Amino acid sequence: MQHVYERASQARYISKLIIATDDERIAKVARLFGAQVQMTRPDHLSGTDRVAEVASSDHAQVIVNIQGDEPLIDPGAIDAAALALLDDPELPMATLKKRIEIPGEIDNPNVVKVVSNLAGDAIYFSRCPIPYLRDGSSIVHYKHIGLYVYRREFLLAYSGLPVGPLEQAERLEQLRAIENGYRIRVVETEYESLGVDTPEDLERIAALFEPSLK
């Protein structure tokens, strides 16, 4: 968590960082390394709902939702997503995509794929391979990187939007925006998301940090 906080602090367009949690153990560790912490309700169904609670008591007009389990988060990727909203005042939400370079990820349902229109807005997110190559032609596939940027008024209204059948089927909360007619700008990045969700993930990430610790 400290690695995430320190790397996010390097983003040029982040003016304030808050660690939002309902777990006092996380809050205690965060305060030890000097982070600002805000305790939230324990009944949130998603990270977006938790971020919305924090945003409701803050005056920031653009809010970035950074996952706390991404110790290698790229500050440049954060800036790129934030700039999408800063450059387009009509845009309610933005996120990231990364070109898939490992063929096995295309069929992996745990790797969420995204397709965008020519303007760069998301058409659909899916756990299935999209687009489907009917005639064996070649095309680039992109995976979704779960960093979100919201305009404040949209974020505060987000949890109240109806949950549609696509979100229910895919279990992907970002589909709520698309199903309710909102645009999501998808910015391409070279950042390769490496989350820590299992003990094996922790070992892999620790190995990457070992050279810098010697």
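**Ground rules.** I am reading a predicted model, in which local features need pLDDT of at least 70 and side-chain atom pairs count only at pLDDT 80 or more, while totals for chains, interfaces and linings use all residues. Residues are numbered from 1 along each chain as its sequence is written, and side-chain values use heavy atoms, with hydrogens and water left out.

**Helix α4.** At its start, a side-chain oxygen of Asp 74 comes to within 2.9 Å of the backbone nitrogen of Gly 76. I noted among its buried residues Ile 78, Asp 79 and Leu 85 (buried means under 20% relative accessible area, exposed over 50%, partly exposed in between, with a 1.4 Å probe and protein chains only). Their cover includes α1, β3, β4, β7 and β8.

**Asp 88.** I then turned to the loop between α4 and β4, where Asp 88 is found; this residue counts as buried because its relative accessibility is 17%. Leaving aside neighbours within four places in sequence, I find Asp 88 in contact with Arg 151, Arg 183 and Arg 185 (contact means heavy atoms within 4.5 Å).

**Met 1.** Lastly, I looked at Met 1, in the segment before α1, and it is partly exposed because its relative accessible area is 33%.

Definitions and conventions
Helix = DSSP H or I, 4+ residues; strand = E, 2+ residues; numbered from the N terminus. Polar contact = N/O pair within 3.5 Å; in protein donor to acceptor, adjacent residues only side chain to side chain.
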